[in-house]
Amino acid sequence: MQRKHLRMPLFVIATLLFGLKTYIVYRFMFDLSIENAMQEFILFMNPIASAYLIFAISVWLNPKRQMKYLRWTALIGSLVLFANLIFYRNFTDFITIPVLFQGNNAADLTGSFLTLLHWEDIIIFLDVAIIWYLSKQKFDLSVSLPRSGKIAATAVTFLLLAGNVVLAEVERPMLFVRAFDREYLVKNIGIYNYHLYDMTMQTKTRAQRVMADESEISEVETYLDEHSPDLKGEEADLFGIAEDKNVIFVSVESFQNFLLDSEVNGTETTPFLNDLKESKDTIWFENFYHQTAQGKTSDSEFIVENSLYPLGRGAVYFTHAQNEYNALPEILNNNGYQTSVFHANNKTFWNRDVMYDNIGYDQFYGEQSFQVTPENSFGWGLEDKAFFEQSIKYLQSQDKPFYSKFITLTHHFPFELPEEKANIDLYDSGSNTLNHYFQTARYTDEALEKFFEQLKQSGIYEDSIIVLMGDHYGISEYHNKAMSQFLGKEIDGYEHVQLQRVPFMVHIPGYEGGEIKEKVVGQIDVKPTLLHLLGIEEEKDLTFGENMFADQEDDFVAFRNGSFVNEEYIYTDGVCYDRETGDPLEGEQSEACAPVKKQVDQELKLSDNVIYGDLFRFYDFGNSNNK
Ligand code: GP9
Ligand code: MN
C-alpha cells in the first residue's frame, strides 16, 4: 500500500471537521449558557473527543470499509445532531430514548416542523458532504496501521474521553447523578456521549421494575406519613362544597399566568378570564405552578390524576401506561361518578387511549367524535370554539354526577391563527412565537366564554363546578429575549420560575365567597383538592400533593429539575432567591434553601421509585378497582 506521507488520513480530517462543526452548532445554534472560560473549553473539546471516538474505530477496518464507515457514521451522527436541534427549538430540551418511541407525536408535529427549520441548518451537513466526497476519491486517505498503531490510535480515544470526563466532573460535580439536567450533560460530555448515557439509564430503569419489592412501598408510605400535615378534611371550610355536583375540568393548552391582565396595543388579551378570576363565584390560586417535564400535556394530566411527579426522562403516559395506579377517575367511578375526557386529537397521541383505559375513564371523545371541516379547523385540528360547542350534546348525555375533562388545542405552538379569526394584534418582538401567542390566547379566552354560555343554556352550569387549569408553559426559555421585552425586565432564574405559573381557577356557581388565594401550590395538589371539594375522603391513598385549602404553609412546589418554590424562597440552578424580593441570597443566607432542597430531591426520588418499580401493585388501596 503506497501512501504519501503528507496526506492526512480521512479519519483525522473527519474528526476535525465533524468536531468543529458540532462545536459551532452547540455554540451558536443551541442556546447553551456558557458562564466561564472552562465551560467554553469543555464545549470546544468534547465534540472533538466524541468525533475521535466515533471515527478512530475505523483504523481496525480494511481500507474500503474504512471509507464506507466514515461517510455513514458522519451522516448518522449529523442526523442525530440535527434531530436534537429541531427538538430543542420546540422544547428547549434534548431527545431521550422514551421520547423517540413517541412516533405518533412526531408525525403529528409536521405542521410545526417547518417553522422549526432554519436556513443555516445546512451547516450540519457541510462536513458530511466533504467527507463523502473525499471518501470516494481515487487517492487513498485510508490508513493501514500495524497492530501497535491501531492500539495506540484507540488509546488516544480513552485519553480524550477520560480528559473530558475529568474536566466535566471538576466543572460540575455529581454531573452524572444529576442527570435530570440534560443541558449540563450535553454541554459537558457532548450530545453523542449524552445519548450513550441515556441508553444506559434506560436499561437501568427497565431493570428497576423487575428488581422492585414490597419493602419499597413502605418507605414511600413512611415518608408521606411523616411529611403530610395531620389535617382531617372536614376541618377545612370547603370540604364537600361540590358534593354530588358535576365537575368540568378544563385543561387550557399552553396558558401561562402572564397572559392574564396583559394587553397588546391597548387591547386586553383575556377579557373573559380577567373577569372570571375576580368573580364572586371563583377561587383563583394566583401562585399555582405547572410541574410538567418532557411529557408536556400528558405530564400535566398524569400529575393531576395521580398526585405523583412526572419522570425526568420521557412521558409516563408512554413509558409506564400499564402500571397500577390509584387515579382520580377510578376513585370517582367508585364514588358514583361517570368519567370522560374530551379532546379533539388523535386518540393515540401521548398514548392516551391506553392510559385512559388503565386509569378508569369511562369514555374518551377523541377526534372521531367531532365533525372536523376545513372551516372549523386549522393548526393542530378542530378549533376550540367548535370543540366546546360540539361537546355539549355529549355532556348532556352523561349520567350525573359526572367528571369530564376537556383539553383545548388551539392555543398550541406555533400559535398560528387565520387572520379573520384574530381579535387582537400580533405583538411586535424578535420572537415570532411570542408575537402570535397573544392571538391564540385571545381566541381560547373567547372560546371559554362561549362555553360558559352554552353550559348555562343547556342547564348544566348550575349543577356543576368548573375548574380551569393551564397545562404548562407555551413560551420556552428560548424566547427569553422577547419575553424580557414584553415584561420590561431581565429574565433571571427567579423570573423564569415565576413564569411557570399557570391559571388555576375553581368556579362554583352560586358560591359567592370568591377570593384570590396567594398560597404557593401546584398541579401535584389538584387531586387531593378536588377530592376535598367533592367531599370524598380516601381512607388510604398515597399522594405527594396536599389539599390547597388546608392552612399549613410549610409545603413546597417541586419541579422536575429539582428547582422549587415555597412561601419564602425560590430555588433554581443552585441559587436561592428570596421569593418576596427576587434577590439572590448571598453568603450564609444562601444556605437557607438547603434543607428544603434535600427534601425535594428525596420526594422526587420516591415518586420515581413508585413509577419505575410499579410499586402501587404492592399496596392495598382498599378499592375494588385495584388488582
Ligand atoms: C395534543 C395536545 C398537545 O393532543 O394535548 O400536546 P402537547 O404538545 O402540549 O404536549
Ligand atoms: Mn399542552
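Below are legends for a set of close-up views of this predicted model.

**View 1**
The protein splits into domain 1, covering 10-208, and domain 2, covering 237-550. Where they touch, domain 1 puts in 28 residues and domain 2 puts in 21 residues.

**View 1**

How many salt bridges does the rule find across the interface of domain 1 and domain 2? The count there is 1 salt bridge. Zoom in on Asp198 and Arg313 and you'll see a salt bridge with its closest N and O atoms 2.7 Å apart. As for polar contacts, 4 residue pairs are counted between domain 1 and domain 2, with both residues at pLDDT 80 or more.

**View 2. The face that domain 1 turns to domain 2.**
Sorted by class, the side of domain 1 that touches domain 2 holds 10 nonpolar, 11 polar and 7 charged residues.

**View 3. A salt bridge between Asp121 and Arg89.**
The rule gives a count of 21 salt bridges. One of the pairs to look at is Asp121 with Arg89, whose side chains meet at 2.9 Å, N to O. Asp121 sits in the loop between helix H6 (110-113) and helix H7 (123-135), while Arg89 belongs to helix H3, so this pair ties together parts 32 residues apart in sequence.

**View 4. The disulfide of Cys576 and Cys593.**
The disulfide count comes to 1. It joins Cys576 to Cys593, with an S to S distance of 2.0 Å. Is this disulfide right-handed or left-handed? The torsion about the S-S bond is about 75°, so the disulfide is right-handed. Cys576 is part of strand S18 (residues 575-578) and Cys593 is in the loop between S18 and helix H21 (594-612), so the link ties together parts that are 17 residues apart in sequence.

Going from Lys400 to Pro401, the peptide bond is cis, with omega near -5°. Pro401 sits in the loop between helix H16 (384-396) and strand S10 (402-407). Phe413 and Pro414 are also joined by a cis peptide bond, and there omega is about 5°. Look for Pro414 in the loop between S10 and helix H17 (432-457).

**View 5. A positive phi at Trp350.**
Trp350 isn't a glycine, yet its phi is positive, near 60°. You'll find Trp350 in the loop between strand S6 (338-342) and helix H15 (352-359).

Technical notes. Residues are numbered from 1 along each chain as its sequence is written. Chains are lettered from A and ligands numbered from 1 in the order in which they are written. This is a predicted model: local features need pLDDT of at least 70, side-chain atom pairs count only at pLDDT 80 or more; totals for chains, interfaces and linings use all residues. Side-chain values use heavy atoms; hydrogens and water are left out. Domain bounds come from an automatic or database domain assignment. Contact means heavy atoms within 4.5 Å. A salt bridge is a side-chain nitrogen of Lys or Arg within 4 Å of a carboxyl oxygen of Asp or Glu. A polar contact is a pair of N or O atoms within 3.5 Å; within protein, one must be able to donate a hydrogen and the other to accept it, and residues adjacent in sequence count only if both atoms are side-chain atoms. Ala, Val, Leu, Ile, Met, Phe, Trp, Tyr, Cys and Pro count as nonpolar, Asp, Glu, Lys and Arg as charged, and the others, Gly among them, as polar. A disulfide is a pair of cysteine sulfur atoms within 2.5 Å. Helices (H or I, at least four residues) and strands (E, at least two) are DSSP runs, numbered from the N terminus.
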